[in-house]
Amino acid sequence: MRLMNATAALFALVGLLVIAVVAALWMAKQPVFALRAIRVEGDVARNSASTIRANAMPHLAGNFFSLDLQRAREAFESVPWVRHAVVQRIWPNRLAVRLEEHRAAALWATEEGEDKLVNSIGEVFEANPGDVDEDELPVLRGPEGSSARLLVLYQKLQPVVQPLDVRIEELAMSGRGSITAELDGGAAIEIGRGTDDEIVARLQRFVATLPQVIAQHQRPLVHADLRHNDGYAVRLKGVSTGGAGTGGAGRN
């Protein structure tokens, strides 16, 4: 008797569960749960909320219950300039999306010749470089994965050359990790390899003595090589000379 009662109770429970599932599926298909609105919050400096919705909506499938939030997040993050998106359901038929946009800090020069952008934390991302003032951004160039270090290096090296009243226009890293800076006047400075602190110190020593060299010859800088252990070599316009501590002429 107890077995029969337990069996009957089990069948009743299963029946209730089936009814609940069927009811839930029926409710989920009702028009009232179709997505009606998307509230966009956070960074919208580069895109209007309407543009973001228009770009993401074709990639959103399902209703309030069936929408895949992971895919929805990816849909919003595929919109140009969007770095990160957090998507939440708002009962019964809305979505709330909080966005974080990329903040352009530099241009990234690719081997294919198609510039990309580097954000403020050193990530390379794809967007139209024409959306920013390219003249205000330095160009970074290097092996894949080096963008973050190059951005940090640029931020450390630019203040070093500031007393010369110049700006680093391009900072490049070779495949072996050697750093070269190109100034806005066209001069190139081969700084070489090392830790960030070693590279900064090497450039600081150069900047401290360069004005004396330029004053002596009254010629603008064309090229400098700081990779010498005992100093550096410079080439001024029309003149090739050794710098501080080189003990001789520099190499061209």
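This is a predicted model: local features need pLDDT of at least 70, side-chain atom pairs count only at pLDDT 80 or more; totals for chains, interfaces and linings use all residues.
**Entry 1, the chain as a whole.** I began with the secondary structure, and I found that the protein chain comes to 5 helices and 13 strands. I then looked up burial, where 38% of the 252 residues of the protein chain count as buried. For the surface I noted that the protein chain exposes about 14600 Å², of which carbon and sulfur atoms supply 54%. Turning to contacts between residues at least 6 apart in sequence, I recorded that 43% of them join residues at least 24 apart.

**Entry 2, a hairpin.** I next followed strand E2, residues 82-90, and strand E3, residues 94-101, which run antiparallel and are joined by 8 bridges. The two strands E2 and E3 form a hairpin, and I noted 3 residues between them. Which residue of E3 is the bridge partner of valine 82? I looked this up and found glutamate 101.

My search of the whole structure for aromatic pairs gave 5. One of them is formed by phenylalanine 64 and phenylalanine 65, an edge-to-face pair with 5.4 Å centre to centre and 90° between the planes. I checked the accessibility of both residues: phenylalanine 64 has 9% relative accessibility and, because the cut-off for buried is under 20%, counts as buried, whereas phenylalanine 65, at 40%, counts as partly exposed.

I then turned to phenylalanine 206 and tyrosine 232, which also form an edge-to-face pair, with 4.9 Å centre to centre and 85° between the planes. Which parts does this pair tie together? Phenylalanine 206 lies in helix H5, residues 196-217, and tyrosine 232 lies in strand E12, residues 231-236, so the pair links parts that are 26 residues apart in sequence. Are the two partners buried or exposed? I noted a relative accessible area of 1% for phenylalanine 206, which is therefore buried, and of 4% for tyrosine 232, which is buried as well.

As a last item I looked up arginine 46, which lies over the face of tryptophan 81, at 4.4 Å from the ring centre.

How values were computed
Residues are numbered from 1 along each chain as its sequence is written. Side-chain values use heavy atoms; hydrogens and water are left out. Helices (H or I, at least four residues) and strands (E, at least two) are DSSP runs, numbered from the N terminus. Buried means under 20% relative accessible area, exposed over 50%, partly exposed in between (1.4 Å probe, protein chains only). Contact means heavy atoms within 4.5 Å. Accessible areas come from the Shrake-Rupley method with a 1.4 Å probe; for residues, only the protein chains shown count as cover. Two strands pair if DSSP finds at least two bridges between them. Rings of Phe, Tyr and Trp (its six-membered ring) pair if their centres lie within 6.5 Å; planes under 30 degrees apart count as stacked, over 60 as edge-to-face and the rest as tilted. A charge sits over a ring if NZ of Lys or CZ of Arg is within 6 Å of the ring centre and within 35 degrees of the ring normal.
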